[in-house]
Amino acid sequence: MSTATESVKQAFTSMTNNAKVADLKRNTVEVTPSTGMTTDHGVFISDTDNWLRVSDGENHGASLLEDQIAREKIHRFDHERIPERVVHARGTGAHGYFKVFEDSPASKYTYAPVLTDSSRTTPVFVRFSTVQGSRGSADTVRDVRGFAVKMYTEEGNWDLVGNNIPVFFIQDAIKFTDIIHAVKPEPHNEVPQGQSAHNNFWDFVGLQPESAHMVCWAMSDRAIPRSFRMMQGFGVNTYTLINSAGERFFVKFHWQPELGVHSLVWDEALKLAGQDPDFHRKDLEEAIVNGAPPKWTLALQIIPEKDEHNFDFDILDATKLWPVELVPLQEIGEMVLNKTVDEFFPETEQVAFCTSHIVPGIGFSDDPLLQGRNFSYFDTQITRLGGVNWEQLPINRPVCPVMNHHRDGQHQSYIHKSPVNYWPNRKGAGPPVPVEKGGYQEQKLAGIKQRIRTPKFQEHFNQAQLFVNSLAPHERAHMIAAFSFELSHCDDPVVYETYTKLLNNIDFDLAKEVAANVGGIVPDKPGRPNNGKKSFGLSQLDFAPQKPTVKSRRVAILLADGVDASGVLVMKAGLKAGGAVPYVIAPRRGNISTSGGGENVWADHHFDGQRSTMFDAIYIPNGNELYGKTLRANGQLMHWILEAFGHCKTIAGIGEGSKTIAFTLSHFLTELSFSSTDSDKVVTSYGVITAGSYSLKSAATDVLNIASG
Ligand code: HDE
């Protein structure tokens, strides 16, 4: 998919001044053609194609087990796979950096240099993921997205392991096994893959109302992002910060994408899952190698310790967000992802995050979900990465020194030069010794040991209503469709009836519509009154990019023999100048003849090799009369136009191109009239409003400006 050459990629990579990337070089093997092939113990190999066997030269005899070369090759292959992550198995990652703004207010709240020192550039590695599916599942399924950030700070690694949704399904970590068992493929037949649309998930969430708020987010457009680059990230859990005066604050972390928040529409997501299961993975790589590195602003929500109980929800409850009207966002720095990985397995697969990895100046809260997570992440790596030394793996090791008395274990790769491996020891002050001010000091503990949930943890619907009330009409329509799709996939009436009943506690009209669609019991009165509240930042429309841009947007230029070459070249150059990624698509891949006998145009793909779903916009240039006729006789091309129109994408054309668009749309959508068939005019369409329409409209304007310029 990538249009950039390897040299562009390398040039870009070498621009990256990144301490972690430099550190990884210690383990990076430059594979050169002149390097002779060896076994793992370094002996040269002269034949890797034929197993050593007994033969008289004419007849094959037995293959010999003594052939170390053959045995090693097969051994190594037999053990290539490691367990996939028990959740978030499917993902992709990139390197980058985090930098604090010069006017960051963070030093009021923390002494952590990573959040306060604007002279620093902190290397990061970020892994985005889906939750439910296996490693090979599709990218565009309806699911929560993981947003895990590892910051290699000078004080040690800080892992902010977040999601693209600000709340979670459960309040207490002890329920994690249950929610994950319920959402994962069912145990008797391992169905479905990459979906929550099945009995067990809806059975569980119907009986566990604390999940109501998060379920609404998961049924919203947030769960089908257009790109990892166009979604927010949230730490979700409540952490703490401590400043140099010893004052403590509760904090929530937010990543705000520069490109705004955009989603696919469901039909696109479904089709892409088959047409291009790696759509998000490739999108991230394509943006980075084409010089459009994604960027996020890090913002904090801060609550002073003394105000902990001043809210009608518990600020330690991960099923609740902190409305920005009550706790405003404070922007403190930005993160840029500007380098793809060199090899997927040692970097993206072996990277291991732990919520318990924090640095001095940042602390935990008593959030019961976070407390459980702090146990789980370290623990799960032991199975997944084969032992306790997984923090020594190149991608996981800090860029600052690591020094302690931990020893041995499987895959120990450090050699410690010391006669003692315990503390205290007779060497007295000899290293390593505990230092005066280390991490993990600022813990607050109170209370009596009990298995309880406090009263505020028992209210589950207020914020679900807040979320639903805040959605734009099209977002609400998408949510109704999503609930209806999912519950239609549950064939047990107990399941869909229970859930539609629960929905009535959130929104009467929503519950009525969904129940009617899926065969639930349609309620005749609300389950509880609607609180009527709304909040900023819950609708995606609140995240229009500050500067609308076509940067990194994929544009398909559809054409056929007889096209006007200059129209194609001008448009391509204009799009490239704007940072967009144009592809030429024609009835066949290869040279396409142009009108007037000019230079041929190269088509990157044929009409059936790609689909409109893979692009943000389509453009059809002008050409000669025969060209126009050819276009209008091509059913596949019409499908491109109609499908893109149905997905509310920008469609533009000039001359015969514009005629073709108008012909197709008015032919198939007879209730719509397109007045502009004038061959000098540009025709555009973005149909009815849906998610992402803001950006698509802006993209349309930009494309047209470029085209007309
Ligand atoms: Fe995770 N989660 N989680 N989770 N989670 C894992 O750790 C867990 C939760 C999140 O790209 C596992 O290394 C528990 C919330 C991400 O490698 C595991 C609980 C949030 C990733 C685990 C939660 C997340 C994981 C599996 C409830 C959003 C992928 C593999 C108390 C803030 C990280 C691994 C990557 C991965 C446990 C809930 C985000 C099993 C027990 C809430 C992004 O340790």
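Q: Which residues of α16 are buried?
A: A residue is called buried if 20 or more other C-beta atoms lie within 10 Å of its own, exposed if 12 or fewer, and partly exposed in between, with C-beta atoms placed from the backbone. In α16 the buried ones are A565, G567, V568, M571 and L575. Seen down the axis of α16, these buried residues fall within an arc of 165°, so they line one face of the helix. The arc is that of the directions from the helix axis to the C-beta atoms. Before we go on, please note that this is a predicted model, in which local features need pLDDT of at least 70, side-chain atom pairs count only at pLDDT 80 or more, and totals for chains, interfaces and linings use all residues. Residues are numbered from 1 along each chain as its sequence is written.

Q: Which exposed residues does the face of α16 turned away from its buried side carry?
A: That face carries A573 and A577.

Q: How is the span of α16 read, and what follows just after the helix?
A: Helices (H or I, at least four residues) and strands (E, at least two) are DSSP runs, numbered from the N terminus. The expected span of a helix is 1.5 Å times one less than its number of residues. Helix α16 covers residues 565-577, 13 residues, and reaches 18 Å from its first C-alpha to its last, close to the 18 Å expected. Just after α16, G579 takes a positive phi of about 90°.

Q: Where does UniProt place the feature "active site"?
A: UniProt positions are given in the numbering used here, feature names are shortened, and annotations may be inferred rather than shown by experiment. In the unreviewed entry, the "active site" annotation covers H88 and N163. They span 76 residues in sequence, yet no two of their C-alpha atoms are more than 10.4 Å apart, so they gather at one spot.

Q: Is H88 buried or exposed, and what is it in contact with?
A: Two residues are in contact if their C-beta atoms, placed from the backbone, lie within 7 Å. H88 sits in the loop between α3 (68-78) and β3 (91-100). With 22 C-beta neighbours inside 10 Å, H88 counts as buried. Leaving aside neighbours within four places in sequence, H88 is in contact with S129, V131 and G146.

Q: Where does N163 lie, and what does it touch?
A: N163 lies in strand β6 (residues 156-163). N163 is buried, with 24 other C-beta atoms within 10 Å. Not counting residues up to four places away in sequence, N163 touches V144, R145, G146, F147, F234 and V236.
A: The unreviewed UniProt entry places it at Y377, in helix α11 (residues 368-384). With 17 C-beta neighbours inside 10 Å, Y377 counts as partly exposed. Y377 touches V161, F353, C354, T355 and S356, not counting residues up to four places away in sequence.

Q: How many bridges join β3 to β11, and how many join β10 to β11?
A: Two strands pair if DSSP finds at least two bridges between them. Six bridges join β3 to β11 (residues 329-339), and these strands run antiparallel. F98 stands opposite M335 in β11. Between β10 (residues 295-304) and β11 there are seven bridges, again antiparallel, with Q301 opposite L329.
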